Amino acid sequence: MTSQYATSSNFDIRVNFAKKYSTKNWLGWLAERLPITSSDKVLDVGCGTGNIWLVLSHHEKYPGTLTLYDKSPAMLSKSTEVLKFMQAKSALTSLVGDAEDLPFEDNSFDTVLALHMLYHVKDQPKAVAEFARVLRPNGKLYLTSNTTRNMKPIFETAYQAFGQSGVRVDPGAHAFDPDTAKTLLSPHFQTVDKELFVDVYRVSSQEDVVNFLGSMTEVWSPTDTQIRSVPSHVSQTFKNTNGTLELDHECAMITATLGD
Ligand SMILES: C[S@@+](CC[C@H](N)C(=O)[O-])C[C@H]1O[C@@H](n2cnc3c(N)ncnc32)[C@H](O)[C@@H]1O
């Protein structure tokens, strides 16, 4: 994980891929569903470059206090820089650290966000216990993640290129599957609900797919020869597609609520 987020450039490649091919607005969809108000104390774990807060600000959703927290100093400093404009509306704090060990008191937040990050965490039950610990009674955790149905042809191509060490589905969904999240969350949270977001990307450029896979190759630990084989595997995937590869982009928003 650490080298993938040593700078934001790999993450930016995937964000730009989504921007180019999406027909629906994922962050807008999510922002509509996040009930952030000016009295809320919010912790954003694995905040990355802080993209959701740009969109929430368009919806005039500013929390009273926002704590940005990420393991990668580079990602965190980018979000802190990008979100400076929020200082007029919210008290902002940023801290580098691991989701498995939150440096906050019990019951200190109304809301915890963990957006597209839990699959990177080694000890997920420990992180979930931490999310629950720092939330106040009846507090809410919002988790997002891709499903195992996300962009299957791309990950099938990765499997062809990188061989048996790879998995055939989105590696994020392999590490944390929203379809089975209830098992992980129920020991701490009273209710766990899931809502799916589905879009279809019609991808026209083989180079975009090669770059997308290049942005996350560390997941598969491939050899140099395997990396060099990626363009020909992508070309093979594009054969029989009449030049356009259709990819279902599917992710889930999970809302978990603490008891009294
Ligand atoms: C895919 S990005 C998601 C960023 C942001 N939440 C979003 O949805 O745009 C994953 C982020 O999680 C961070 N991360 C990974 N493992 C972490 C951990 N164990 N504790 C805290 N942050 C972590 C990475 O540094 C990265 O910024």
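In this predicted model, the axes of helix H9, residues 206-214, and helix H11, residues 230-238, come within 10 Å and cross at roughly 130°. H9 and H11 are therefore oblique to each other, and H9 passes H11 in a right-handed crossing. On the H9 side, the residues that meet H11 are Gln206, Val209, Val210 and Leu213. Their counterparts in H11 are Val230, Pro231, Val234, Ser235 and Phe238. By class, the contact of H9 with H11 comprises seven nonpolar residues, two polar residues and no charged residues.

H11 has a further contact to consider, with helix H6, residues 152-162. The axes of H6 and H11 come within 9 Å, and their crossing angle is roughly 135°. H6 and H11 are therefore oblique to each other, and H6 passes H11 in a right-handed crossing. From H6, the contact draws on Pro153, Thr157, Gln160 and Ala161; from H11, it draws on Val230, His233, Val234 and Thr237. Here the division is four nonpolar, four polar and no charged residues.

In what order do the seven strands of the open sheet lie? The order is S3-S2-S1-S4-S5-S7-S6, and the pairing is mixed. Strand S3, residues 91-96, and strand S6, residues 191-203, stand at the edges with a single partner strand each, so one side of each is left without a neighbour in the sheet. From one strand to the next, the twist averages 15°.

Within this sheet, strand S4, residues 109-115, and strand S5, residues 135-146, run parallel and are joined by six bridges. As a specific pair, Ala114 has Leu143 in S5 as its bridge partner. Helix H4, residues 73-82, packs on the sheet, where it touches strand S2, residues 65-70, and S3. The direction of H4 makes about 155° with that of S2.

Finally, the ligand. Which residues are closest to the ligand? They are Gly46, Gly48, Ser72, Leu115 and His120, out of 19 residues that surround the ligand. One of these, Leu115, falls within the range of strand S4, residues 109-115. The shell around the ligand divides into ten nonpolar, six polar and three charged residues.

Notes:
Residues are numbered from 1 along each chain as its sequence is written. This is a predicted model: local features need pLDDT of at least 70, side-chain atom pairs count only at pLDDT 80 or more; totals for chains, interfaces and linings use all residues. Two strands pair if DSSP finds at least two bridges between them. Helices (H or I, at least four residues) and strands (E, at least two) are DSSP runs, numbered from the N terminus. Axes are lines fitted to C-alpha atoms, for helices over the stretch in contact, and angles run from 0 to 180 degrees between N-to-C directions. Two residues are in contact if their C-beta atoms, placed from the backbone, lie within 7 Å. A residue is near a molecule or strand if its C-beta atom, placed from the backbone, lies within 6 Å of it. Ala, Val, Leu, Ile, Met, Phe, Trp, Tyr, Cys and Pro count as nonpolar, Asp, Glu, Lys and Arg as charged, and the others, Gly among them, as polar. Angles under 35 degrees count as roughly parallel, over 145 as roughly antiparallel, 65 to 115 as roughly perpendicular and the rest as oblique. A crossing is left-handed if the near helix is turned anticlockwise from the far one by less than a right angle, and right-handed if clockwise.
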